[in-house]
Amino acid sequence: MNNPQSATQLLRDFVADEEGATAIEYGLIAALMSIVAIAGFRALADSLDNVYTEWTSAVETAIGDS
């Protein structure tokens with residue numbers, strides 16, 4: 001490691017190495033997909049809550065139990 005050329009070569013090899021980059025990219029894609037899925041499930045839950053609230057109100061009105 002005292003040889004400057006070996007340190008330079010080590011640095012070049014480190015910069016050129018893309019092996020870990022693929023794993024990081026897959027991790028970022030998985031994180032983004034998780035965020036999108038959570039947001040979608042949240043929107044679906046809110047929508048279903050509104051549907052069930054309206055349905056419950058309509059049933060209570062129909063049976064006269066408001």
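1. E18 sits in the loop between helix 1 (4-16) and helix 2. Helices here are DSSP runs of H or I with at least four residues, and strands are runs of E with at least two, numbered from the N terminus. E18 counts as exposed because its relative accessible area is 60%. The classes are buried under 20%, exposed over 50% and partly exposed in between (1.4 Å probe, protein chains only).

2. This is a predicted model: local features need pLDDT of at least 70, side-chain atom pairs count only at pLDDT 80 or more, and totals for chains, interfaces and linings use all residues. Residues are numbered from 1 along each chain as its sequence is written, and side-chain values use heavy atoms, without hydrogens and water.

3. The protein chain has two helices and zero strands. Helix 2 (residues 19-63) has 45 residues. From first C-alpha to last, helix 2 reaches 66 Å, close to the 66 Å expected at 1.5 Å a residue. The expected span is 1.5 Å times one less than the number of residues. Just after helix 2, G64 takes a positive phi of about 75 degrees.

4. Of the 66 residues of the protein chain, 0% count as buried. The accessible surface of the chain is about 6,100 Å², and 63% of that belongs to carbon and sulfur atoms. Areas come from the Shrake-Rupley method with a 1.4 Å probe; for residues, only the protein chains shown count as cover.

5. L48 lies in helix 2. L48 counts as partly exposed because its relative accessibility is 37%.
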